[in-house]
Amino acid sequence: MNKTANLKAMNQALQALIEVEANWLTNLANSTALLMQFMDDINWAGYYIWQQGELVLGPFQGKTACVRIAAGQGVCGTAYSEKKVQLVEDVCQFEGHIACDPDSRSELVIPVIVAGEVIAVLDLDSPQLGRFDEVDKNYLLEFIKILITETDFLPLLNNK
Ligand code: SME
């Protein structure tokens, strides 16, 4: 399958998974498995969840990672503060990038926005330079949209 077909299949698989389950932790966990299964050349996929004033490591697949990230710090903290997707072709060129896995060369971070608030960020890392492009970004934005519409994130909104 080509890249676009893979991304499309991934989003369909997510839709099918979350149609039968609304629990936020379950859905975040299973969604990281889908990312690893459907996307090539990814070495880390997971979430940092906004809890009591900082981003805290949530469900992920890959090597162990840094546990807490402040707003504005690194690629994840920047996505949080700016409420904007961060597409980083070369992590060495991103000032303040936090190197969890030294193999990571490029990164894509998507803020998860519910009721106007960033409740988490989705972080994808690749050992390839320039691994992520606009096609990935757009399918990942749709991925998060699917996740948000079907998952109950109320416990996280109450936990801020
Ligand atoms: N590189 C991220 C930190 C998280 S790890 O990549 C899993 C950052 O700069 O925010």
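Two strands pair, in these notes, if DSSP finds at least two bridges between them. Strands (E, at least two residues) and helices (H or I, at least four) are DSSP runs, numbered from the N terminus.

**Entry 1: ground rules.** I am working on a predicted model, in which local features need pLDDT of at least 70 and side-chain atom pairs count only at pLDDT 80 or more, while totals for chains, interfaces and linings use all residues. Residues are numbered from 1 along each chain as its sequence is written, and side-chain values use heavy atoms, with hydrogens and water left out.

**Entry 2: the sheet.** I looked up the strand order and found an open sheet of 6 strands, β3-β2-β1-β6-β5-β4, with antiparallel pairing. β3 (68-69) and β4 (86-88) each have a single partner strand, so one side of each is left without a neighbour in the sheet.

**Entry 3: strand pairs.** β1 is joined to β6 by 6 bridges and the two run antiparallel; Tyr 47 stands opposite Leu 122 in β6. β5 and β6 are also antiparallel, over 9 bridges, and there Val 114 faces Glu 117 in β6. The hairpin of β5 and β6 has 2 residues between the strands, and Ala 115 takes a positive phi near 50°. I then checked β4, which 3 bridges join to β5 (residues 106-114), again antiparallel. Gln 86 stands opposite Val 109 in β5.

Entry 4: I checked how covered β6 is: 9 of its 10 residues are buried, meaning under 20% relative accessible area with a 1.4 Å probe, protein chains only.

**Entry 5: helices on the sheet.** Axes here are lines fitted to C-alpha atoms, for helices over the stretch in contact, and angles run from 0 to 180 degrees between N-to-C directions. Helix α4 (residues 134-150) lies across β1, β4, β5 and β6, at about 30° to β5.

**Entry 6: the helix pair.** I looked up α1 (residues 3-18) against α2 (residues 24-38): the angle is about 160° and the axes are 10 Å apart. The two are therefore roughly antiparallel, the term for angles over 145 degrees. In contact (heavy atoms within 4.5 Å) I noted residues including Ala 9, Leu 14 and Ile 18 of α1 and Asn 30, Leu 34 and Phe 38 of α2. I count 9 nonpolar, 4 polar and no charged residues there.

Methods:
Parallel < 35°, antiparallel > 145°, perpendicular 65-115°, else oblique. Nonpolar A, V, L, I, M, F, W, Y, C, P; charged D, E, K, R; others polar. Buried < 20%, exposed > 50% of the residue type's maximum accessible area, 1.4 Å probe, protein only.
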